[in-house]
Amino acid sequence: MVKLTIKQKVLLEAIEWFIEKNGISPTVRELADLTHTATHPTHEKLIRLEQAGVISTINGKARTIKVLKTLEEIENDEYMWLYWTSFN
């Protein structure tokens, strides 16, 4: 199960929204603007999301973010985990 921080969830939601609205993935700067943060912390969060298997990117290439697991899927997994562990 993937566990994300609130800030990582906000960033993932921003990525999903941007792609749905514009049909292309956002740049790091666009994500930073959307989430009202600087580019460096935004980039660090993107690295963590990629390490968690939530997104994929191509290093050095702009607009290559692909969502592998949506926020809705992650939250459903969290709910199911809580549901099943409550019986044990």
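Modeller: For what follows, an axis is a line fitted to C-alpha atoms, for helices over the stretch in contact, and the angle between two axes runs from 0 to 180 degrees between N-to-C directions. Please bear in mind that this is a predicted model.

I begin with helix α1, residues 6-22, and helix α2, residues 28-35, whose axes come within 10 Å and cross at roughly 115°. Angles of 65 to 115 degrees count as roughly perpendicular, and α1 and α2 are therefore described as roughly perpendicular to each other. Their crossing is right-handed. On the α1 side the contact is formed by Val-10, Leu-11, Ala-14, Ile-15, Trp-17 and Phe-18, while α2 contributes Glu-30, Leu-31, Leu-34 and Thr-35. Sorted by class, the residues in this contact are 8 nonpolar, 1 polar and 1 charged.

Helix α2 also packs against helix α3, with an angle of about 105° and axes 9 Å apart. Because of that angle, α2 and α3 are again classed as roughly perpendicular to each other. Here α2 supplies Val-28, Arg-29, Leu-31, Ala-32 and Thr-35, and α3 supplies Thr-39, Thr-42, His-43 and Leu-46. The class count for this contact of α2 with α3 is 4 nonpolar, 4 polar and 1 charged residues. Leu-31 and Thr-35 are listed in the contact of α2 with α1 and also in the contact of α2 with α3.

Apart from neighbours within four places in sequence, Thr-42 is in contact with Leu-11, Val-28, Leu-31, Ala-32, Thr-35 and Thr-37. Among these partners, Leu-11 is a residue of α1 that takes part in the contact with α2, whereas Val-28, Leu-31, Ala-32 and Thr-35 are α2 residues in the contact with α3.

I turn next to the charged side chains. The model has 2 salt bridges. One joins Arg-63 to Glu-30, with the closest N and O atoms 2.9 Å apart. This pair links distant parts of the chain, since Arg-63 sits in the loop between β1 (55-56) and β2 (66-67) and Glu-30 in helix α2, 33 residues apart. Arg-63 counts as partly exposed because its relative accessibility is 36%, and Glu-30 is likewise partly exposed at 24%. Glu-30 is also one of the α2 residues in the contact with α1.

The other salt bridge is between Arg-48 and Glu-44, where the closest N and O atoms are 3.9 Å apart. Both residues lie in helix α3, 4 residues apart, or about one turn of the helix. Arg-48 has 40% relative accessibility and so counts as partly exposed; Glu-44, with a relative accessible area of 28%, is partly exposed as well.

Finally, Glu-50 is a further residue of helix α3. Its relative accessible area of 28% places Glu-50 among the partly exposed residues. Not counting residues up to four places away in sequence, Glu-50 touches Ile-55, Ser-56 and Thr-57. The C-alpha atoms of Glu-50 and Val-67 are separated by 9.4 Å, and the two residues are 17 residues apart along the chain.

Note on methods. Residues are numbered from 1 along each chain as its sequence is written. This is a predicted model: local features need pLDDT of at least 70, side-chain atom pairs count only at pLDDT 80 or more; totals for chains, interfaces and linings use all residues. Side-chain values use heavy atoms; hydrogens and water are left out. Contact means heavy atoms within 4.5 Å. Helices (H or I, at least four residues) and strands (E, at least two) are DSSP runs, numbered from the N terminus. Angles under 35 degrees count as roughly parallel, over 145 as roughly antiparallel, 65 to 115 as roughly perpendicular and the rest as oblique. A crossing is left-handed if the near helix is turned anticlockwise from the far one by less than a right angle, and right-handed if clockwise. Ala, Val, Leu, Ile, Met, Phe, Trp, Tyr, Cys and Pro count as nonpolar, Asp, Glu, Lys and Arg as charged, and the others, Gly among them, as polar. A salt bridge is a side-chain nitrogen of Lys or Arg within 4 Å of a carboxyl oxygen of Asp or Glu. Buried means under 20% relative accessible area, exposed over 50%, partly exposed in between (1.4 Å probe, protein chains only).
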